[in-house]
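Q: Could we go through this structure together? I would like to begin with how its parts are arranged.

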Amino acid sequence: MISIQNLSKIYSSKYSPDPTVALNDISFEIEDKEFVSLVGKSGAGKTTLLKMILAEEKPSQGKVVFQGINVHDINRKHLPKLRQKIGVVFQDYKLFAFKTVCENVAYVMEVMGAKEEDINRDVPQILDLVGLKDKMCNFPRELSGGEKQRVAIARALIHRPDVILADEPTGNLDPYHTRGIIKLLLKIHGMGTTVVLATHDKNVINSLGKRVVTIDKGKIIRDEQKGRFIL
Amino acid sequence: MTTSLKRIIKSGWKSFFRNIGLSIASVFIMIMVIFMVSTLFLLGPVSDALISSVEKKVDVSVYFKENISEDEIMAVSAEINSISEVKEIEYVSKDQALETFIERHKDDPVIIESLAELGYNPFYDALNIRAWEASQYEQVASLLEAGVFQDLIHKVDYYQRKPIIDKVFAITAGINKIGLFFGLIFGIIAVLVAFNTVRIAINNSDEEISVMRLVGASNSFVRGPFVVQGIIVGVIAAIVTLILTFILCYGFDSRIGSLAPEISTYNIFLNNFFLLFLIQLATGIGLGIISSYIAIRKYLKI
C-alpha cells in the first residue's frame, strides 16, 4: 500500500555549516490492513517520515509511493484527493479552536463534499465510538487532553480513510488515557484500516505485539513482525 | 458546488461571531479606512463649491463714458457675450450702482453726507463680466482694451483686481494639487492599514490553515471562510461609516454654513448618497477580499 524507497531528507541552514540528516536512505513497505509502529527517540526521523507520506514535505532523495503513485509527483492542486485517503492524528491534537467537537469532526466530510444527511448520521456514530457523544457541542478548550486526542482520532477516522497516520498520539497523555487511545487504534485496525503509529512509548509498543520498525538517526536499524521496544 | 458555497458562507459567518474580539477590531480599522476614503470623496464637491463661490466673487468691470446711451452699452454687451471665454455679463446702470451704494452704506452717515455734498451721481454705467475660469480674465480684459469699443470705455477695472484674481487662480490650482497629493498618500496608507489588519487576523490562524490543508481541504475551501469574514467586516464597516458620515455632514452643516453659506455638507451628502455608499461598500468589501486573499496565500503552500 505504501512503499518507501531510498528516502532521504537533509535540512540545510544558512546559519549552520553542517546539514541535519533527518532521514538517511530508508526503504520499507507497509501492506494493506497492516498495523505498523515506527519507534525511535525524539529526533530520530519518525515525524519527518510521516510528513513525507502526507506530502507535507519534499524528500531530498527517493520517493514515497502510495497506492501506486509517487506522492511527490502529485500537483499541489490535486493533493487534497491524496490526503482525503489518509487520516492524520497529531501529538498536539491540532483541533480547530473555534469549531465545536461536532464541527471539527464534520469538517473532513464537508471538505469531501459529503451530503448533509450523511454528516448528521456519521458524526454522532463516530463520536459514540470514541466515547464523546455527550461532548458534541463543546469547544476543544472545554475538553481534557485525552478527550481532545479522541476528537482528533474521530476526525481522522470519520471519512473511512485507507490509512491512519498517528504521530505520537499518546505523547501528552497519562497511562490511563494512553491505554484508551491505543485500544481505539486497535479497534480501528480491526475494522480494516491500515494504521501507522509513530511513538517512543515503550509500554505501548510492548503491549501491542505488532510489526515494529525502529529508526535511529534517520536510518532503519530493526524491522520485526512481532517487535518489541529495543533502543 | 452550491453545497460547498453554502458551507463556506456558514463557516465564515460562524467564525466572524466566534472570533468576535478580533472581528470588532477589524471592523474598527476598516471604519477608519473607509472614513478616510469617504472624506477624500466628499472633499471633491466641498472644494468645488468653495472654489466656485470664490470665483463668483471675481469679475471684470467695464465702466462706460458719461455720454454713452444704454442701447450702445447693450450692443457692446452683445458683442462681448460672443467671446467664448465669457460666462455671463451683468449690466449695472449708474442709478443702480448709486442705489446699491446707498443701501450698503445707509448706516454710515459720513459716507451718505459726503455723497449728498457731492451733488451728482459719481458712478458710471458698467458691465460686470464673468469668465469661465480665473485664468481667462486677462485675455478678456486685453480684448476689451484693444477692441473696437475703446472710444466708449472709460476704464477696464482689471489691473486693480489682478492680484486678487491671480491669488484665486493660484488657490484653485493649489487645492486641486494638494487634494490629489493627500488623496494618493491617504489612499496608500488606508490600503496598507486594512491589509495589515486582515493579515494579523489571519496570521493568528496559520496553524489551523495548515491543518485544513493536511486533512484534505482544497485551497478554495480553506480560503473561502476567510474571504467571507472579510466581506462581513467590509459590509458592517461600510454601514457604520455611512451613518457616521451622515451625522458629521448634518452636524457640520450649520457651522460651515455660517462661514461659507454656499456650502451645505448635508446637501452634498444627500446628493452623493448612493455613490458614497457604493464607494464605501466597494472599499470595505474590496479591501476585505483582496487582503484576506493575499494574506492567506503563503499558508496554502503546504
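Predicted model: local features only at pLDDT ≥ 70, side-chain atom pairs only at ≥ 80, totals over all residues.

Q: Understood. Which strands does helix α1 of chain A lie across?
A: Helix α1 (residues 46–53) of chain A lies across β1 (2–13), β2 and β4 of chain A. Its direction is at about 115 degrees to β1(A).

Q: What is the order of the strands in the sheet of chain A?
A: The order is β2-β1-β4-β5 in chain A, an open sheet of four strands with antiparallel pairing.

Q: And which strands stand at the edges?
A: Those are β2 (16–30) and β5 (69–70) of chain A. Each has a single partner strand, so one side of each is left without a neighbour in the sheet.

Q: How many bridges link β4 and β5 of chain A?
A: Strand β4 (residues 61–66) of chain A pairs with β5(A) over two bridges, in the antiparallel sense. A:Val65 has A:Asn70, in β5(A), as its bridge partner.

Q: Changing topic: how many residues of chain A are in contact with chain B?
A: On chain A there are 16 residues in contact with 16 residues of chain B. The largest share of the chain A side, four residues, comes from α3(A). That side divides into nine nonpolar, two polar and five charged residues.

Q: Lastly, why does helix α5 of chain B lie largely in the open?
A: Of the ten residues of α5 (residues 109–118) of chain B, zero are buried, so the helix lies largely in the open. B:Gly119 follows α5(B) and has a positive phi, near 85 degrees.

Terms used. Residues numbered from 1 in each chain as written. Chains lettered and ligands numbered in written order. Buried ≥ 20, exposed ≤ 12 C-beta atoms within 10 Å, placed from the backbone. Pairing = 2+ DSSP bridges. Contact = placed C-beta atoms within 7 Å. Axes fitted to C-alpha atoms, helices over the stretch in contact; angles between N-to-C directions. Nonpolar A, V, L, I, M, F, W, Y, C, P; charged D, E, K, R; others polar.
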